[in-house]
Amino acid sequence: MFRIIKFLITCVVLAIVAGFIYFHLKSPAKTDIETGKARTNEIESMARLCAVDIYSEIPVLDTIDDKVIFGIQKQSGSISFDIDKLKVDTLGDTVRIILPPEIVELYESTEDNSWEVIDTKNIGVLGVLRSDKLTDREENMVKAEI
């Protein structure tokens, strides 16, 4: 009985050694891997993705020439960055892009009804004698202050 157990243990050990040798010889030879310096092309196209279009409707409450005006102005514009002033820095395998100060362009919208006067009221001492309606000059002065 002891001989059979010894024989079985020897067979198992030989099978393990034979399997190890077989897989070791069958595995492909390891090759050296060469790496070169990484390059980043067209960083500008990635940075352009940071541009944002703006659309906003803002309430306007102002006083001009003893008249109060309340209106709504629609604005459009963009926030972007000067691509020529990008700073690109590499630290190990990390590429850092440092954006220049943003360029904010905000204008009165050119769509229909981009400026709507909701209400005007004359608040001067002679308010009863004067019209509540704003003149074009007064309306343009309010827009200039916005």
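Tutor: Lys 74 sits in strand 2, residues 67-81, where strands (E, at least two residues) are DSSP runs numbered from the N terminus. The model is a predicted one, in which local features need pLDDT of at least 70 and side-chain atom pairs count only at pLDDT 80 or more, while totals for chains, interfaces and linings use all residues. Residues are numbered from 1 along each chain as its sequence is written, and side-chain values use heavy atoms, with hydrogens and water left out.

With a relative accessible area of 17%, Lys 74 is buried, a class that means under 20%, with exposed being over 50% and partly exposed in between (1.4 Å probe, protein chains only). Leaving aside neighbours within four places in sequence, Lys 74 has contacts (heavy atoms within 4.5 Å) with residues including Tyr 55, Glu 57, Tyr 107, Asp 112 and Asn 113. The side chain of Lys 74 also reaches the backbone oxygen of Asn 113, at 3.5 Å.

Lys 74 and Glu 111 join their side chains in a salt bridge, at 3.8 Å from N to O, the term requiring a side-chain nitrogen of Lys or Arg within 4 Å of a carboxyl oxygen of Asp or Glu. Because Lys 74 belongs to strand 2 and Glu 111 to the loop between strand 5 (102-108) and strand 6 (115-122), this pair ties together parts that are 37 residues apart in sequence. Glu 111 itself is partly exposed, its relative accessible area being 37%.

Conventions
Helices (H or I, at least four residues) and strands (E, at least two) are DSSP runs, numbered from the N terminus. A polar contact is a pair of N or O atoms within 3.5 Å; within protein, one must be able to donate a hydrogen and the other to accept it, and residues adjacent in sequence count only if both atoms are side-chain atoms.
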